[in-house]
Amino acid sequence: TCSAAGRGTVVIGLAADSGCGKTTFMRRLTSVFGGEAEPPRGSNPDSNTLISDAATVICLDDYHSLDRTGRKEKGVTALHPRANDFDLMYRQVKAIKEGRAVEKPIYNHATGLLDPPELIIPPKILVLEGLHPMYDERVRGLLDFSIYLDVSNEVKFAWKIQRDMAERGHSLESIKASIEARKPDFDAYIDPQKQHADAVIEVLPTRLIPDDDEGKVQRVKLIMKEGVKHFAPAYLFDEGSTISWVPCGRKLSCSYPGIKFAYFPDTYFAREVSVLEMDGKFDKLDELIYVESHLRNLSTKYYREVTQQMLKHADFPGSNNGTGLFQTIVGLKIRHLYEQIVAERAASPALAAVA
Ligand code: ADP
Ligand code: G6P
């Protein structure tokens, strides 16, 4: 058989629209594995790759088959499958999984052109982040774990305004227009991937403030598929129960509008899932230990690890709410998954030799 454990590199897929927090998530993930992720040494400064001791993160934009001009000529967006080379993506990810280095193209975001390729040596963990890690069935079959960041339109819009207006000088109208122009392809090719994800982080408008239109507070759901090998969903208090929890009071400071947690079983695209939900934001991040101590199955290695990770990256976007908390938990889960695969491989050398 060709089980994941029989091969070298463990492959993780992270899908989301651009501007939905993939880069931030990757920084949290590589931090959980220890060590900062950096661009490849002596590389093209426009390389999109990040390398740390444990993991190599590649951006799937590098598999654009049409460059910016090509997309314009053909009238397709970067989200359209026609603008992407899934055959090459499949061949190269498969080669890496089998222990062979590849010459991966580089999509240069500054010029909109394809640059000469860079060498990717098989790492312990390969993360495929981008628009389409779960789109192609063959590539999907190579993933040992997959995550979809599902940022609702309302929140996506608020974040984009924040970034593109403040940092890139775009107008409100142009931001609206660019979101609208991408929407049909987003709905057709990106969004449907979430049904294949092992974990989904959903970011929704808060329910704590009636008719909130500021978008400063979010309700975040961590949707975890049941029955995924090497992945045991985290839970609150009692596994399998339905729980609603307002931790505010003596041990947790909550200013308006407060914090509300929930934990419940659900179905997601006809699959059984467990859901953890957090609405609101933390006032004092060091008090997070109070919440952490009530969560179970976190795959931490020591007391307070979640809180410590969150404090370490307090300056990352989303550190005071469920986006940061759940990204951190998923990072710990991926570390645990990786360690289980390695342990399994060590226990059956015959299987490892198949690679
Ligand atoms: P991507 O890699 O998917 O394009 P980034 O991680 O670079 O996304 O995030 C893009 C921008 O979106 C950030 O600069 C920030 O403004 C905003 N953002 C991302 N994640 C969050 C979050 N959890 N909370 C608030 N804003 C966020
Ligand atoms: C990358 C991003 C896309 C973005 C594109 C810009 O591929 O991942 O999300 O849309 O660049 O494309 P454009 O055709 O506007 O240059």
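Biologist: How far is the backbone N or O atom of C20 from an oxygen atom of ligand 1?

Modeller: That distance is 3.2 Å. It counts as a polar contact, meaning a pair of N or O atoms within 3.5 Å; within protein, one must be able to donate a hydrogen and the other to accept it, and residues adjacent in sequence count only if both atoms are side-chain atoms. Before we go on, this is a predicted model, where local features need pLDDT of at least 70 and side-chain atom pairs count only at pLDDT 80 or more, while totals for chains, interfaces and linings use all residues. Residues are numbered from 1 along each chain as written, chains are lettered from A and ligands numbered from 1 in written order, and side-chain values use heavy atoms, with hydrogens and water left out.

Biologist: OK. What do K22 and T24 do with oxygen atoms of ligand 1?

Modeller: A polar backbone atom of K22 sits 2.9 Å from an oxygen atom of ligand 1. For T24 the polar atom is in the side chain, 2.7 Å from an oxygen atom of the ligand.

Biologist: And how much of ligand 1 does the protein bury?

Modeller: 84% of the 550 Å² that ligand 1 exposes when taken alone. Those areas come from the Shrake-Rupley method with a 1.4 Å probe; for residues, only the protein chains shown count as cover.

Biologist: Which elements give two or more residues to that shell?

Modeller: Helix 1 (22–32) and helix 5 (153–166). Helices here are DSSP runs of H or I with at least four residues, strands are runs of E with at least two, and both are numbered from the N terminus.

Biologist: Which residues come nearest to ligand 1?

Modeller: Of the 14 around it, G19, K22, T23, T24 and T323 come nearest. A residue is near if one of its heavy atoms lies within 4 Å.

Biologist: Why do you say ligand 1 lies between domains?

Modeller: Because domain 1 (1–149) and domain 2 (198–340) both give residues to its shell. The bounds come from an automatic or database domain assignment.

Biologist: Now ligand 2. Which residues surround it?

Modeller: S18, D61, H64, R68, R71, A78, H109, L131 and R182. Alone, ligand 2 exposes 390 Å², and the protein buries 71% of that.

Biologist: Switching topic: where does the backbone have a cis peptide bond around P257?

Modeller: From Y256 to P257, with omega near 5°. P257 is in the loop between strand 11 (243–245) and strand 12 (259–268).

Biologist: What about H230, buried or exposed?

Modeller: H230 counts as buried, at 18% relative accessibility; the cut-offs are under 20% for buried, over 50% for exposed and partly exposed in between (1.4 Å probe, protein chains only). H230 also has a positive phi of about 65°, although it is not a glycine.

Biologist: And phi for N297?

Modeller: Near 60°, also positive in a residue other than glycine. N297 is partly exposed at 35%.

Biologist: Last one: what's the strand order in the sheet?

Modeller: The open sheet of ten strands runs 2-3-6-1-7-8-9-13-12-11, with mixed pairing. Strand 2 (50–51) and strand 11 are at the edges with a single partner each, so one side of each has no neighbour in the sheet. Two strands pair if DSSP finds at least two bridges between them.
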